[in-house]
Amino acid sequence: MQKSSLNETARALFADGKGLLAMDESTPTCNKRFAQLGIAQTEEMRRAYRELIVTAPGLNESIGGAILYDETIRQKKADGTPFIKILEAAGIIPGIKVDAGAKPLAGHPGEKITEGLDGLRGRLKDYAGMGARFAKWRAVIAIDDQRPSRSALEANAHALARYAALCQEAGLVPIVEPEVLMDGEHTLERCAAVTAEALHVVFDQLHGQRVRLEEMILKPNMVLPGLACPCQPSADEVADATLTCFLRAVPAAVPAIAFLSGGQSAELASARLNEMNVRFQSRAPWAVAFSFARAIQQPALDLWHGDAANVAAAQKALVHRARCNRAARRGDYSA
Ligand code: 13P
């Protein structure tokens, strides 16, 4: 295995069974989650919520890296300490979401392309200067009878590969996130076929853009049926379908696969990750890990509800889910 500082960072993020906490919700996404709970959608409430997360005692036992957003990387604790300093002091490596969101892809009704390549070289330099050591870019792929088109997969994979090459040039580890969405009635088999095709296209483009696989992280969806599919599989069926797909499509040089949760409940996401590690750990060449947002944060957000009196309870819930997922990496999770 090639040794380099980016490879070392990629490994450090997942050392000792740890994983990533995605706390990189854009302002509109964070506001949407707050609105669902009746929490005021203000900059100060978003800051207070992020302070709750970064100061949660014991978070660093299970979380090796936290993905921030442009607003968050500049935010500070009430006492003036920058969040990035709090994370660094806890040994949690800071990362940053750098895409500019998914926009409609011209000529492809119902499909999206993730934007953000213009000016990216300069923004990566700025974020690296602030202390970020890795970055994230998310492409979204929707499934229905007609979609995804090959051309939408290729456009998104090309952007992911251009972004990843720029990250490596800037000294940041790229997280490459092609997310096949759970919305719809499609079967597990259809998700497996679409995920496999998406991964083949992504790794072809990564190769084309000369991205060093040892110095990146893949952040994919698990292979799951659509939320509206009547046939919902057991955790071991999800584990089999997911790792069969990834063993075929993801080169062994990639240090880690860190799954997103994508709208699964916190418990299901942990149970499925656990089953993958129980059944495949000895065969998987990469770490089988997590980079969850909702599946770590949602129970804590529900408890917090925008009330300072609930901060300690919410922090306990957050750290509990993080620990559950560390256990799942070892195959030791029980609900
Ligand atoms: P979820 O785990 O909530 O899907 O979020 C992960 C993420 O970072 C989406 O880009």
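Two residues are in contact here if their C-beta atoms, placed from the backbone, lie within 7 Å. The model shown is predicted.

**View A. Helix H10 packs alongside helix H12.** H10 covers residues 266–280, and H12 covers residues 311–330. Their axes come within 7 Å and cross at roughly 20°. Angles under 35 degrees count as roughly parallel, and H10 and H12 are therefore roughly parallel to each other. The crossing of H10 past H12 is right-handed.

**View B. Residues where H10 meets H12.** H10 contributes Ala266, Ser270, Leu273, Asn274 and Asn277. From H12 come Arg321, Cys324, Asn325, Ala328, Arg329 and Arg330. Sorted by class, this contact holds four nonpolar, four polar and three charged residues.

**View C. The largest nonpolar core.** This core has 108 residues. Ala135, Ala256, Ile257 and Leu318 touch the most other members. Helix H7, residues 150–170, gives the most to the core, with eleven residues. In soluble globular proteins, nonpolar side chains tend to be buried together.

**View D. Surroundings of alanine 135.** Neighbours within four places in sequence are left aside. Alanine 135 is then in contact with Gly95, Ile96 and Val98, among others. Leu124, Cys167, Leu172, Pro174 and Ile175 complete its list of contacts.

**View E. Proline 285 in a loop.** The loop runs between H10 and strand E10 (287–292). Proline 285 has 12 C-beta neighbours inside 10 Å, so this residue counts as exposed. Lysine 76 is 209 residues from proline 285 along the chain. The C-alpha atoms of proline 285 and lysine 76 are separated by 39 Å.

Technical notes
Residues are numbered from 1 along each chain as its sequence is written. This is a predicted model: local features need pLDDT of at least 70, side-chain atom pairs count only at pLDDT 80 or more; totals for chains, interfaces and linings use all residues. Axes are lines fitted to C-alpha atoms, for helices over the stretch in contact, and angles run from 0 to 180 degrees between N-to-C directions. Helices (H or I, at least four residues) and strands (E, at least two) are DSSP runs, numbered from the N terminus. Angles under 35 degrees count as roughly parallel, over 145 as roughly antiparallel, 65 to 115 as roughly perpendicular and the rest as oblique. A crossing is left-handed if the near helix is turned anticlockwise from the far one by less than a right angle, and right-handed if clockwise. Ala, Val, Leu, Ile, Met, Phe, Trp, Tyr, Cys and Pro count as nonpolar, Asp, Glu, Lys and Arg as charged, and the others, Gly among them, as polar. A nonpolar core is a set of buried Ala, Val, Leu, Ile, Met, Phe, Trp, Tyr and Cys residues joined through C-beta atoms within 7 Å. A residue is buried if 20 or more other C-beta atoms lie within 10 Å of its own, exposed if 12 or fewer, and partly exposed in between; C-beta atoms are placed from the backbone.
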